Amino acid sequence: MDGMEWMGSAMRAARGALDVATQNLANASSDGYRKAQAAITLSARGLAVSTHATHEQGAVRRTGRAFDLALLGDGAFRVGDATTRSGAFVRDRDGRLVDDRGRALRGTCGVLHVSERATIAADGTVRDGGRAVDRLALPAGTHVLSGALETSTVNPIGETLAILTAQRAFETAQKTMLAIDATREKSANDVVRVQ
């Protein structure tokens, strides 16, 4: 790789880190969001960015609403064909617990259908009318807290600093690339004049 290619990879890596930081900052107030972490690695093809989610536990905020659920530990709620850690559910007119996108919460027996008096225990057992009707599929060691939501794990100040750092890295690589280009242009023109 020459200098131009190295600086190109550095600009792509800075842009990738910027994308991760801006996505994190955009979700600073999204309940259940776990921030993503960008890792920049050096290889023979230049710099590259990989992203992975962190496993930090978000703080718990009490809401008092019966179907707001916070997960304490790993795992996620099954909603439709997806998973989420956002536990803000409401009961719809069909008795299903749905999130803000209208996706129905699923238990081990399928979509949950409950009455307004249903409760969800810490181990994920769903009780309605005094009897267990289903159970949330949770990994070992994970508990559910009803009447609360897990907040985002994003630190807005840290993500703002990450954005500024990525912007400066991008600008530095861009200036270096322009300097290399100017040097090459000068060399090519000076050789022509000497001949």
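This is a predicted model: local features need pLDDT of at least 70, side-chain atom pairs count only at pLDDT 80 or more; totals for chains, interfaces and linings use all residues.
The protein is built from 2 helices and 15 strands. Its C-alpha atoms fill a box of roughly 95 × 30 × 30 Å along the principal axes. The radius of gyration of the protein is 25 Å, whereas a compact globule of 195 residues would have one near 16 Å. Of these 195 residues, 33% count as buried.

The two ends of the chain can be taken next. Helix α1 covers residues 3-26, which makes 24 residues. From its first C-alpha to its last, α1 reaches 34 Å, close to the 34 Å expected at 1.5 Å a residue. The N-terminal end of α1 is capped by D2, which has a side-chain oxygen 3.3 Å from the backbone nitrogen of M4. The buried residues of α1 include M7, G8, S9, A10 and M11. Further along α1, the buried residues include A13, A14, G16, A17, V20, A21 and N24.

An unreviewed UniProt entry places "domain: Flagellar basal body rod protein N-terminal" at residues 8-34. Over residues 8-34 the chain is 70% helix and 0% strand. The C-alpha atoms at the ends of this stretch are 30 Å apart.

Helix α2 spans residues 156-194, and L178 lies in it. Is L178 buried or exposed? L178 counts as exposed, because its relative accessibility is 54% and the cut-off for exposed is over 50%. The C-alpha atoms of L178 and M7 are separated by 9.6 Å, although these residues are 171 residues apart along the chain. M7 belongs to α1 and is buried there.

Over residues 146-188 the chain is 77% helix and 9% strand. The end C-alpha atoms of this stretch are 71 Å apart.

Now to the strands. Strand β1 (residues 36-43) and strand β2 (residues 46-53) form a hairpin, with 2 residues between them. The two strands pair in the antiparallel sense over 8 bridges. In this pairing, A38 has T51 in β2 as its bridge partner. In a regular strand, side chains alternate between the two faces of the sheet.

Elsewhere, 4 strands form an open sheet with antiparallel pairing, in the order β6-β5-β9-β10. The edge strands of this sheet are β6 (82-84) and β10 (110-111), each of which pairs on one side only. Strand β9 (residues 105-107) runs antiparallel to β10 and is joined to it by 2 bridges. Across these strands, R106 stands opposite V111 in β10.

Another open sheet has 3 strands, in the order β11-β12-β13, and its pairing is antiparallel. Its edge strands, β11 (119-120) and β13 (131-135), each pair on one side only. Strand β12 (residues 125-128) is joined to β11 by 2 bridges, and the two run antiparallel. Here T119 stands opposite R127 in β12.

How many aromatic pairs does the count come to? The count comes to 1 aromatic pair. F77 and F89 form this pair, with 5.5 Å from centre to centre and 85° between the planes. The pair counts as edge-to-face, because planes over 60 degrees apart fall in that class. F77 is in strand β5 (residues 77-79), while F89 is in the loop between β6 and β7 (90-91), 12 residues apart. F77 is buried, with a relative accessible area of 1%. F89 counts as buried too, because its relative accessibility is 3% and the cut-off for buried is under 20%.

The loop between β6 and β7 also holds R85. R85 counts as buried at 9% relative accessibility. A polar atom of the R85 side chain lies 2.9 Å from the backbone oxygen of G73.

Terms used:
Residues are numbered from 1 along each chain as its sequence is written. Side-chain values use heavy atoms; hydrogens and water are left out. Two strands pair if DSSP finds at least two bridges between them. UniProt positions are given in the numbering used here, feature names are shortened, and annotations may be inferred rather than shown by experiment. The expected span of a helix is 1.5 Å times one less than its number of residues. Buried means under 20% relative accessible area, exposed over 50%, partly exposed in between (1.4 Å probe, protein chains only). A polar contact is a pair of N or O atoms within 3.5 Å; within protein, one must be able to donate a hydrogen and the other to accept it, and residues adjacent in sequence count only if both atoms are side-chain atoms. Rings of Phe, Tyr and Trp (its six-membered ring) pair if their centres lie within 6.5 Å; planes under 30 degrees apart count as stacked, over 60 as edge-to-face and the rest as tilted. The radius of gyration is taken over C-alpha atoms; the globule rule is 2.2 Å times the number of residues to the power 0.38.
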